[in-house]
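User: Could you walk me through the ligand site in this one? I'd like to know what surrounds the ligand before we turn to anything else.
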Amino acid sequence: MNKGLAIYPGSFDPPTNGHLDLMERGAKIFEELVVAILRNSEKSPMFSVAERLEMLRALTGHLDNVRIDTFDGLMVEYAKSMEAICILRGIRAISDYEYELQMALMNRKLEPTLETVFMMPADKYSYVSSRLVREVAQAGGPVKGLVPEIVEQRLREKLDPAYKFRDEPKEIVPEIVAGREKKRKKRA
Ligand code: PNS
């Protein structure tokens, strides 16, 4: 049993500044932190596991005691196979609590020797979630400051290589306006 090893599991689709903040905090208190991406998620992800792995590796390059891995099936089984004693999860607001409590208690039922530790990311990220980042980016909104630059770049490439994100939410890129106008005329 490795008393210094914690697992930080999640979907990370995509990784946000809140995730990174939590990894940096976790890296300070655990000897080793393994960030584990769920492979068999029911949701259809925006980024493949390989893409998320690559982004997370790039983002945590400065953290010597953080490793990135993937897992399948029950998280507690994976944690046990790694000989971890602890699961790290982030709680942003009270709204996260119910889901996290349920998950922590189910995990405890499945594997009583494994503890879940909750940490809070910086309050400036308390409203940031992967789901909202995807939603904003898909609608062409700015995600600067919500995700690390490399993720912002990947989102841009994924959604439309020709697309320029707006720094100002109200400012619309001329090519997009022209594109929308063309589509509107076609429909009419
Ligand atoms: O980032 P997410 O989507 O909130 O992470 C959820 C995750 C991956 C930690 C959770 O869904 C999980 O551990 N899934 C693996 C399957 C499992 O062990 N389910 C029982 C958890 S109560």
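User: How do the residues of the shell around the ligand divide by class?

Analyst: They divide into eight nonpolar, four polar and two charged residues, where Ala, Val, Leu, Ile, Met, Phe, Trp, Tyr, Cys and Pro count as nonpolar, Asp, Glu, Lys and Arg as charged, and the others, Gly among them, as polar. This is a predicted model, in which local features need pLDDT of at least 70 and side-chain atom pairs count only at pLDDT 80 or more, while totals for chains, interfaces and linings use all residues. Residues are numbered from 1 along each chain as its sequence is written, and side-chain values use heavy atoms, with hydrogens and water left out.

User: Which residues come nearest to the ligand?

Analyst: Of the 14 residues around the ligand, the nearest are Ser-11, Lys-43, Gly-73, Met-75 and Arg-89; a residue counts as near if one of its heavy atoms lies within 4 Å of the molecule.

User: And which element gives the most to that shell?

Analyst: That is H4, with four residues; helix H4 (94–110) and strand S1 (5–10) each supply at least two. Helices (H or I, at least four residues) and strands (E, at least two) are DSSP runs, numbered from the N terminus.

User: What is the distance from a ligand oxygen to the side chain of Ser-11?

Analyst: An oxygen atom of the ligand lies 2.6 Å from an N or O atom in the Ser-11 side chain, and for Arg-89 there is likewise a ligand oxygen 3.0 Å from a side-chain N or O atom.

User: Switching to pockets, what can you say about the largest pocket?

Analyst: About 1300 Å³ of space lies in the largest pocket, a volume being the space filled by probe spheres set on grid points that are joined across faces, edges and corners. A pocket here is an open set of points on a 1 Å grid over the protein atoms alone, where a 1.4 Å probe fits, with protein on both sides within 12 Å along at least five of seven lines, and its lining residues have an atom within 4 Å of a point. H4 gives the largest share of the lining, nine residues.

Definitions and conventions. A polar contact is a pair of N or O atoms within 3.5 Å; within protein, one must be able to donate a hydrogen and the other to accept it, and residues adjacent in sequence count only if both atoms are side-chain atoms.
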